[in-house]
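Please open the model in your viewer and keep the selection box at hand. We will walk through it stop by stop.

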Amino acid sequence: SMLAYAGTTTERAQETLDQIVIELNRVAEGFTKAEVDRARIGLKASTLTSAESTSTRSAMLASDVFTFGKPRRLE
């Protein structure tokens, strides 16, 4: 499952959609090690930073229970 989000204007909507399609098609070509490493670091940083907020951590735990049946450990 994939999700793409882009903020744009009405005038640039088609151009934005075209660019999203190009990027999603690149996914089929695979990722470089550098891209995977960058994504992994970003995900870890985002997870740790967002866990500092009580409300965000609560939402994350609820989402984990709904999705995985149990909360994930931060490690």
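Select Asp-37, which is partly exposed with a relative accessible area of 26% (buried means under 20% relative accessible area, exposed over 50%, and partly exposed in between, using a 1.4 Å probe and protein chains only). Before going on, please note that this is a predicted model, where local features need pLDDT of at least 70 and side-chain atom pairs count only at pLDDT 80 or more, while totals for chains, interfaces and linings use all residues. Residues are numbered from 1 along each chain as its sequence is written, and side-chain values use heavy atoms, with hydrogens and water left out.

What does Asp-37 form with Lys-33? The two form a salt bridge, with the closest N and O atoms 2.8 Å apart (a salt bridge is a side-chain nitrogen of Lys or Arg within 4 Å of a carboxyl oxygen of Asp or Glu). Side chains of opposite charge can pair when their charged atoms come close. Both Asp-37 and Lys-33 lie in helix H2, 4 residues apart, about one turn of the helix. Lys-33 counts as exposed, at 62% relative accessibility.

Next, select Arg-26 and Glu-23. These lie in helix H1 (residues 13-27), 3 residues apart, again about one turn of the helix. Arg-26 is partly exposed at 37% relative accessibility, and Glu-23 is partly exposed at 36%.

Then move to Glu-15 and Arg-12, another salt bridge, with the closest N and O atoms 3.2 Å apart. Glu-15 counts as partly exposed at 46% relative accessibility, as does Arg-12 at 47%. A search of the whole structure finds 6 salt bridges.

Select residues 54-68 to see helix H3, which has 15 residues. From its first C-alpha to its last H3 reaches 21 Å, close to the 21 Å expected at 1.5 Å a residue (the expected span is 1.5 Å times one less than the number of residues).

Which residues of H3 are buried? Colour Arg-57, Met-60 and Asp-64 to see them. They cover an arc of only 60° around the axis, which puts them on the same side of H3 (the arc is that of the directions from the helix axis to the C-beta atoms). Show helix H2 (33-50) too, as it is included in what covers these buried residues (contact means heavy atoms within 4.5 Å).

Turn to the face of H3 directed away from its buried side, and you will find the exposed residues Thr-54, Ser-55 and Phe-66. Just after H3, click on Gly-69, which takes a positive phi of about 85°.

**Last stop: the whole protein**

Zoom out. The protein has 3 helices and 0 strands (these are DSSP runs, H or I of at least four residues for helices and E of at least two for strands, numbered from the N terminus). Along the sequence the pattern is α-α-α. The C-alpha atoms fill a box of roughly 40 × 35 × 25 Å, taken along the principal axes. Of the 75 residues, 7% count as buried.
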